[in-house]
Amino acid sequence: MGKWLPGFSRRSQARIQDRVSRLGARMTATPRPEFNARLREQLTQSPPGSGENVPERRPAGPRHSRRRSRAGLLPQLLSIAMVAAMVVSGMWTYRSMPGDTFYPLKRAAERTLFHLSSDDAERADRSFGYAETRAREVKELLGSGEGEGKGEREEVIGETLQAMEDTTRSAVTSLRQMRRRDSASAKELKRFVQKQRTQIAGMIPKMGAENQRKAHVYLNYIEGLAPPG
């Protein structure tokens with residue numbers, strides 16, 4: 001301060017000048033080493049709030065891994081169970097007998113395959129096969145025992161005999177609709193008639209009177225189907 005401040009004494013102005021000089025020295029002085037170290041430590045730390053409230057990612061523990069493994073296996077186990085149920089249901093349906101719970105499904109599957117056949121020859125083959133299946137069912141029903149439920153069993157046998165005849169007639173209709181009846185078809189028809197005749201004739205003595213009548217009507221019908229020779 002080169003000039004004296006008006007209104008201040010020389011002594012007061014001298015004190016002011018001394019304080020200003022010391023303040024300037026402080027402002028231009030180099031910071032102390034411990035101050036620099038403390039400042040550097042603060043600057044290298046994460047800014048306040050940047051790492052707060054952020055959950056630390058930890059490797060999944062054994063319990064969490066097992067839970068995730070079980071969750072991944074559940075769809076596979078369900079698929080296996082569904083396939084197993086379908087297989088078991090299919091086996092029960094295939095082996096079901098007239099009067100069983102799954103028997104209508106068996107007959108429905110037969111009708112579906114029949115309608116999906118590509119031509120009359122295939123429809124005839126399927127129908128002959130179904131007629132033979134009905135004959136086997138009648139034989140098994142007859143061997144199911146005597147006593148309680150005999151009347152109901154006779155009724156089921158009669159229905160099965162009628163289904164056998166209807167299926168055979170369907171096969172014959174398919175054969176007649178074919179443009180030509182080759183030797184292979186004639187041979188297959190002869191084989192079918194011989195097999196059915198032998199099987200049904202052997203079961204007639206075990207049937208009731210009404211079912212015996214139905215069986216004889218069926219035998220008379222297939223006798224006229226067999227080609228001569």
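The model is predicted, so local features need pLDDT of at least 70 and side-chain atom pairs count only at pLDDT 80 or more, while totals for chains, interfaces and linings use all residues. Residues are numbered from 1 along each chain as its sequence is written, and side-chain values use heavy atoms, with hydrogens and water left out.

**The helix pair**

- Two packed helices are described by the angle between their axes and the distance between the axes.
- Helix α4 spans residues 103–115 and helix α5 spans residues 120–142; helices are DSSP runs (H or I, at least four residues), numbered from the N terminus.
- The axes of α4 and α5 come within 10 Å and cross at roughly 160 degrees; axes are lines fitted to C-alpha atoms over the stretch in contact, and angles run from 0 to 180 degrees between N-to-C directions.
- That makes α4 roughly antiparallel to α5 (angles over 145 degrees).

**Where the helices meet**

- In α4, Y103, K106, R107, E110, L113 and F114 meet R123, R126, S127, Y130, T133, R134 and E137 of α5; contact means heavy atoms within 4.5 Å.
- By class, this contact of α4 with α5 has 4 nonpolar, 2 polar and 7 charged residues (Ala, Val, Leu, Ile, Met, Phe, Trp, Tyr, Cys and Pro count as nonpolar, Asp, Glu, Lys and Arg as charged, and the others, Gly among them, as polar).

**Two residues**

- E137 lies in helix α5 and counts as buried, at 2% relative accessibility (buried means under 20% relative accessible area and exposed over 50%, with a 1.4 Å probe and protein chains only).
- Leaving aside neighbours within four places in sequence, E137 is in contact with S96, M97, P98, Y103, K106 and T160.
- P104 is found in helix α4 and is exposed, with a relative accessible area of 52%.
- The C-alpha atoms of P104 and T93 are separated by 8.5 Å, and these residues are 11 residues apart along the chain.

Terms used
Helix = DSSP H or I, 4+ residues; strand = E, 2+ residues; numbered from the N terminus. Parallel < 35°, antiparallel > 145°, perpendicular 65-115°, else oblique.
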